[in-house]
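Have a look at the model first, then read on.

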Amino acid sequence: MPFDVTFSGEESARFTRLGLICLNDNEQVTVRVSGREPLTSRPVRITGQVVGGTLDGYLRYLVIREENSNVEYWIAGSNATRSVAVLDITFALENSTRELLLNRVHRNEYVPGLMNTADHSSEWEVFEKCMASRTDTDLGHLLDLLENPASHTLHREVALGIRAFARVAQSKRSLQRQTERRLLQALGLDRYDDDTRIAIVENLGYVGSSSSLCLLGNLVEKQDEVDHVRWAAATALGRLNLSGSVPFLISGIASTHAWTRAAALLGLSRRIDERDRPEVEPMLAGLLTADDQTVRRYACLAISRFSSVQDDTSSLLLDIIESLETTVALKGYAALAMSSVISSCSERRRQRCETVLSGLVLSIRAELSEPETVWGLEFLAELSTLVELHEVAEELYSELTELFDDWRGGYYDALSLYERGESEVQIGGDELPYYRSALETLRAIETNDSQAKQAVLFRIDIVEARLGLQEAIRDWQNTFDPGQLLLLERHVRGLAAVFARYSSTPSPHQGVKRLSERERDYLVGTKRLVEVLAGTIALEATWRRGTANETEIRALLRNLTDVLRVVAEQFRGQLARGPLALASDAYREAEETLGLLENATLAWTDRERGLAPLTSELRRLFGTSTWPMPARACPISGLGRGDLTVLAEDIPGAGTVQNPYMFPSDAPAVVNLIADIHEMAPGGATRARLECEVAGSRQAQTIHAVEGPVRCDFVLPRLTPLSSAVCKFELIFEARDCTQVSAREEVYVRRQNDSS
């Protein structure tokens, strides 16, 4: 039975070192990884074998070949800026492998996670015990070891290990300040090698404050500094909630070292929003033509923060997608940016986007081992779906199908089949077999991943409703009996309920299915169009029954016309052209027929004849209209997941209504919290913020990091000693067009009486 050794994402050097030791011994080792893709923060879970790795300065990663796909992932620490940032990684060691590693330990070699402390010096023993228990006392021991003369190896490992104590250091303001001060002092010494200095700088990104700003900024700007130190400093600045970091990050973008530039871009992308676009967009647009494709990819991510850009910028993004010289990964991130801005693009720019995607040449076979290729294909497919290029989306999803042997293969196959069905509708072919195959494929998927199950269930609902809708339209083409038409109307109204379930605004609490506002609005419009279809069938049934009077028929058509006008107007503000054309053409036909019915100069029998051409034309319009699949759905937990912890520190009281926190009358009332982000939804525009509400006052702080614990402090307004006030905190994830409260905490606070 395998022996498990688990490391946290903060121990990148330790798990990388263990993996490389196993490789050097020619041992095959299976690992289980839970993490996220750092650019878009999508959750990633991988099981596979260690096939490579690097431990060189700030480059600390393993290469894992995933089971069921053979995709090779770079697995790095929780602060990684490429491939996968680890939350935790478990090595499943066979007994023979464990024995070989223990033999190394007995020879006094350092093997993370398997140290036999009896065979080592007291300093190594202290270090391993500290890493195992991780208390504030252990943090003090590590800081002592870092300052005391010792081997370069121990210095390095201690510096690397301190990062795993980020939550411990942040739990108390005094401990955070002490840790930061001692790390800053250590950087002023000459005794450390580059690897140790890199680790110390990295630690400041977790425990630093404004006291670290200038030092980190100067390291980024210092031209003769070691590249990896500058890289670590740019990454640290990207984590810290310091407003003064932006100029330093911008200077980091000018570095000649690609990963320093990438880290600076990532940090900048977490801070900018629409207000910054006039100043920042020209710089980002300039980077779209940089020599290094990694820098260009990160520039695309930053641009995806915006909902609109200049035509020149969108043209550069389309140049990237069109170029035969760019990788699929870079094309994909350019597509991610285009997906964010496409709704605001001019008609000319949208047409060029469609032309570029239609002529897309995919030379991806040489890149199949890179996960960025997978994400790039997804982004390209999503953009193709948004602009209703069904044949292109079908091809892209088909490419993704070939990459996986697990549930994802079936999932992408179903999306490809759905897109093929929409293509058949456009050309008047036989679409129903493709919708049915897509539905059967989705229903056959088996997975234990809860988020995967929710994604599959969402797609099942949408495909099932689309199949039912198209079957109803087909039935309508051949049904003229009033009774059968009324039965068909009730069936169609039942289909509208599926879209209604996803188009309503749910509770913001964690655990509720959320779609982006763009997708939600599309489903609202879709629901109304399905209701229009039902209303049209009801009108035809009433007319063909021959018992309805003139007033009743005119009222039904007037109501139908009013709804079509609203739906057409709604779709004009969206990307979906198929439903827009359907609603607009149907509205025009209905309005003309209504004008005929209300023409009192004609006999009713003459006016009534206009209903037959109307229903015939609406049958044709509904029968040839496409209904794009919603491009993207957020995870089941919504835009993100996270926890909030209120830190009592030395404040008297328990924070309850009976025993509130008591703040002194002669000092500011400050409440400290730790926000721990576990996951954020895919898409470059998602970010997190903390809000505090007390005594009618509301404050907010943006969280620039996308993983791990972040300490935030709120200075409360003037409190009264007469009664307690409830202080409410919320961790909120937001995109451009929707928000979600992921965690809530509340405490009761009060000012001490001056006389006490």
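Which loop does Ala 695 lie in? It's the one between β10 and β11 (697-703). Keep in mind that this is a predicted model, so every value below is computed from predicted atoms.

Most residues other than glycine have a negative phi. You'll find Asn 26 in the loop between α1 (12-24) and β2 (30-36), and its 69% relative accessibility makes it count as exposed.

**The chain as a whole**

Zooming out, the chain has 28 helices and 14 strands. Its length is 756 residues, and 59% of them count as buried. If you take the contacts between residues at least 6 apart in sequence, 71% join residues at least 24 apart.

**A strand pair**

Back to β10, which covers residues 687-694. This strand pairs with β13 in the antiparallel sense, over eight bridges. Within that pairing, Val 694 stands opposite Cys 727 in β13. Strand β13 itself runs over residues 725-734 and is mostly covered, with eight of its ten residues buried.

**Helix α17, inside and out**

Helix α17 takes in residues 347-358. Which residues of α17 are buried? They are Arg 349, Arg 350, Cys 353, Val 356 and Leu 357. These residues cover an arc of only 120° around the axis, which means they sit on the same side of α17. On the face turned away from the buried side, α17 carries the exposed residues Arg 348 and Thr 355.

**Aromatic rings**

The count of aromatic pairs comes to 13. Among them is the pair of Trp 231 and Trp 259, with ring centres 5.8 Å apart and planes at 20°; the limit for stacking is under 30 degrees, so this pair is stacked. It links distant parts of the chain, as Trp 231 is in helix α10 (residues 227-239) and Trp 259 in helix α12 (residues 258-269), 28 residues apart. Both Trp 231 and Trp 259 are buried. They also belong to one aromatic cluster with Tyr 58 and Tyr 298.

Tyr 411 and Tyr 412 make an edge-to-face pair, 5.7 Å centre to centre with 75° between the planes. Tyr 411 is buried at a relative accessible area of 11%, and Tyr 412 counts as buried at 7%.

**Charges over rings**

Two arginines lie over ring faces, as listed here.

| Arginine | Ring | Distance from ring centre |
|---|---|---|
| Arg 98 | Phe 3 | 3.9 Å |
| Arg 239 | Tyr 206 | 3.9 Å |

Definitions and conventions
Residues numbered from 1 in each chain as written. Predicted model: local features only at pLDDT ≥ 70, side-chain atom pairs only at ≥ 80, totals over all residues. Heavy atoms only, no water. Buried < 20%, exposed > 50% of the residue type's maximum accessible area, 1.4 Å probe, protein only. Helix = DSSP H or I, 4+ residues; strand = E, 2+ residues; numbered from the N terminus. Pairing = 2+ DSSP bridges. Expected span 1.5 Å × (residues − 1). Arc of directions from axis to C-beta. Phe/Tyr/Trp six-rings, centres within 6.5 Å; stacked < 30°, edge-to-face > 60°. Lys NZ or Arg CZ within 6 Å of the ring centre and 35° of its normal. Contact = heavy atoms within 4.5 Å.
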